[in-house]
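Here are some exercises to work through with the model open beside you. Try each task before reading its solution.

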Amino acid sequence: RAAPRASLGPAALHLGARRASVAQERNRAREIVSVAKEQITSTFEDVRFGRNINVKALWPLVSSITASVERHSGAIMGVTRIKDRHEYTYLHSVAVCGLMINLARRMNIDPSLHHTIGLAGLLHDVGKARIPTTLLDKAGPLTAEEMAVMRTHCELGHDILTGGEDRLPEIVLDVVLHHHERLDGTGYPDFKDQHSISTYARMAAICDVYDAVTSARTYKPAWSPAAAIEWMSEEPGQFDSQILSAFSGMIGIFPTGALVRLQSDRLAVVLEDPDGD
């Protein structure tokens with residue numbers, strides 16, 4: 001098509017769509033994620049070239065992801081599980097957005113905050129726009145020196161979002177700066193401990209790590225949802241146990257979109273979660 005999908009507006013974002021089958025919602029989710037990837041890619045390019053981020057243009061996208069999560073919670077997650085090396089950063093942002101919104105619902109957080117929490121997830125890695133693409137796309141583990149550079153993305157992201165004309169909600173700024181903090185003080189960039197890490201940063205830490213370890217990379221296979229939750233549960237001092245429990249209940253052992261091996265040795269994709277959500 002001559003025009004990019006991102007210009008299609010509400011029709012492509014399925015705003016106001018009615019609840020339908022999981023298969024129909026998955027098709028909607030594919031279109032939403034396609035638009036989202038373009039918009040996030042454009043946002044990162046704006047940052048790389050020193051242009052201001054148009055945050056207002058991202059709000060309809062967050063609304064669309066929120067609506068999809070409310071219709072069928074696993075659709076967005078199922079679509080974003082497969083990422084190639086060059087699109088990982090962008091689809092990871094979309095996936096974390098959806099996970100954050102869904103987790104906020106699971107934790108019974110005030111619905112008026114869900115959009116802001118979703119925007120925080122969408123922008124949590126915006127600082128990576130200032131990280132060399134050779135590091136972002138590297139087909140293998142980073143060296144200690146490269147990791148030190150990568151870790152600056154939290155502060156870079158915070159600087160980017162506080163340097164514009166519009167003041168973003170504190171939840172967004174907090175998540176961008178602190179989603180790599182850990183309860184035992186071993187995180188970064190501020191080495192915060194359990195007494196000073198917000199609920200939203202704790203949520204983001206779990207959503208961020210979960211999507212990262214369950215995504216296939218050139219240097220590692222994707223972990224199963226069950227393996228990811230088990231590993232996170234066994235990491236003392238890293239993640240908030242109460243929030244992780246809520247997250248685990250939200251994900252389930254076999255979430256929608258998961259690839260499973262049946263007793264017949266055939267592979268299958270989970271289409272519906274047990275409660276029909």
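Throughout, buried means under 20% relative accessible area, exposed means over 50%, and partly exposed is in between (1.4 Å probe, protein chains only). This is a predicted model, so local features need pLDDT of at least 70 and side-chain atom pairs count only at pLDDT 80 or more, while totals for chains, interfaces and linings use all residues. Residues are numbered from 1 along each chain as its sequence is written, and side-chain values use heavy atoms, with hydrogens and water left out.

**Exercise 1. Around the end of H10**

Task: work out whether histidine 178 is buried or exposed, and which residues it is in contact with.

Solution. First find histidine 178 in helix H10 (residues 170-178). Its relative accessibility is 9%, so it counts as buried. Now list the contacts (heavy atoms within 4.5 Å). Leaving aside neighbours within four places in sequence, histidine 178 touches Asp190, Lys192 and Ala201. Finish in the loop between H10 and helix H11 (199-213), where proline 189 lies. The peptide bond joining tyrosine 188 and proline 189 is cis, with omega about 10°.

**Exercise 2. The largest pocket**

Task: describe the largest pocket by its volume and its lining.

Solution. On a 1 Å grid over the protein atoms alone, a pocket is an open set of points where a 1.4 Å probe fits, with protein on both sides within 12 Å along at least five of seven lines; lining residues have an atom within 4 Å of a point. Grid points are joined across faces, edges and corners, and the volume is the space filled by probe spheres set on them.

The largest pocket holds about 890 Å³ of space. Of its 31 lining residues, Met147, His180, Tyr188, Ala212 and Tyr219 are the closest to its centre. H11 gives the most to the lining, four residues. By class, there are 14 nonpolar, eight polar and nine charged residues, where Ala, Val, Leu, Ile, Met, Phe, Trp, Tyr, Cys and Pro count as nonpolar, Asp, Glu, Lys and Arg as charged, and the others, Gly among them, as polar.

**Exercise 3. Core and cysteines**

Task: find which residues touch the most other members of the largest nonpolar core, then count the disulfides.

Solution. A nonpolar core is a set of buried Ala, Val, Leu, Ile, Met, Phe, Trp, Tyr and Cys residues joined through side-chain atoms within 4.5 Å. Among the 64 residues of the largest one, Leu161 and Phe247 touch the most other members. H5 gives the most to this core, ten residues.

Last, the disulfides (pairs of cysteine sulfur atoms within 2.5 Å): the structure holds zero. Cysteine 97 counts as buried, at 0% relative accessibility, and cysteine 154 is buried with a relative accessible area of 0%.

Note on methods: Helices (H or I, at least four residues) and strands (E, at least two) are DSSP runs, numbered from the N terminus.
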